[in-house]
Amino acid sequence: METKKCPECGGKLVEDVKEDIEFLQGGNMMIDVNMILTCNRRCGYWEELEQSEITGE
Ligand SMILES: [Zn+2]
């Protein structure tokens, strides 16, 4: 798997998960878990990982 670099700071992008919690009417909630790439230098940059890019190990 190729290593992507952060366009902001040149750090390494690593896989992470991002949870979006949505509260629905009636007290239900929906949790959306997305795979993302995030900067390991914690500069705040992240991008969504396309499903087709998730290939396992
Ligand atoms: Zn960065």
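Which residue of strand 2 is the bridge partner of I21? Select I21 and then I31, the residue of strand 2 that is its bridge partner. Keep in mind that the model is predicted: local features need pLDDT of at least 70, side-chain atom pairs count only at pLDDT 80 or more, and totals for chains, interfaces and linings use all residues. Residue numbers start from 1 along each chain as its sequence is written.

**The whole chain**

Colour the protein chain by secondary structure. From the N terminus the order of elements is β-β-β. The chain has 57 residues, and 7% of them count as buried. A residue is buried if 20 or more other C-beta atoms lie within 10 Å of its own, exposed if 12 or fewer, and partly exposed in between, with C-beta atoms placed from the backbone. Of the contacts between residues at least 6 apart in sequence, 35% join residues at least 24 apart; a contact here is a pair of residues whose C-beta atoms, placed from the backbone, lie within 7 Å.

Next, select strand 1. One of its 11 residues is buried, so strand 1 lies largely in the open. Its antiparallel pairing with strand 2 runs over 11 bridges. Besides I21 and I31, look at E22, which stands opposite M30 in strand 2. Strands 1 and 2 form a hairpin with five residues between them, and G26 in the turn has a positive phi of about 90°.

**K18**

Centre on K18, which is in strand 1. Is K18 buried or partly exposed? K18 counts as partly exposed because it has 13 C-beta neighbours inside 10 Å. Leaving aside neighbours within four places in sequence, K18 is in contact with N34 and I36. Now draw a distance from the C-alpha atom of K18 to that of W46: the separation is 9.8 Å, for residues 28 apart along the chain.

**Strands 2 and 3**

Move to strand 2 (residues 29–39), which three bridges join to strand 3 in the antiparallel sense. Select L37 to find its bridge partner E47 in strand 3. I36 stands opposite E48, also in strand 3. Strands 2 and 3 form a hairpin with six residues between them.

**R42**

End at R42, in the loop between strand 2 and strand 3. Its phi is near 55°, a positive value in a residue other than glycine. Most residues other than glycine have a negative phi. R42 is exposed, with 9 other C-beta atoms within 10 Å.

How values were computed: Helices (H or I, at least four residues) and strands (E, at least two) are DSSP runs, numbered from the N terminus. Two residues are in contact if their C-beta atoms, placed from the backbone, lie within 7 Å. Two strands pair if DSSP finds at least two bridges between them.
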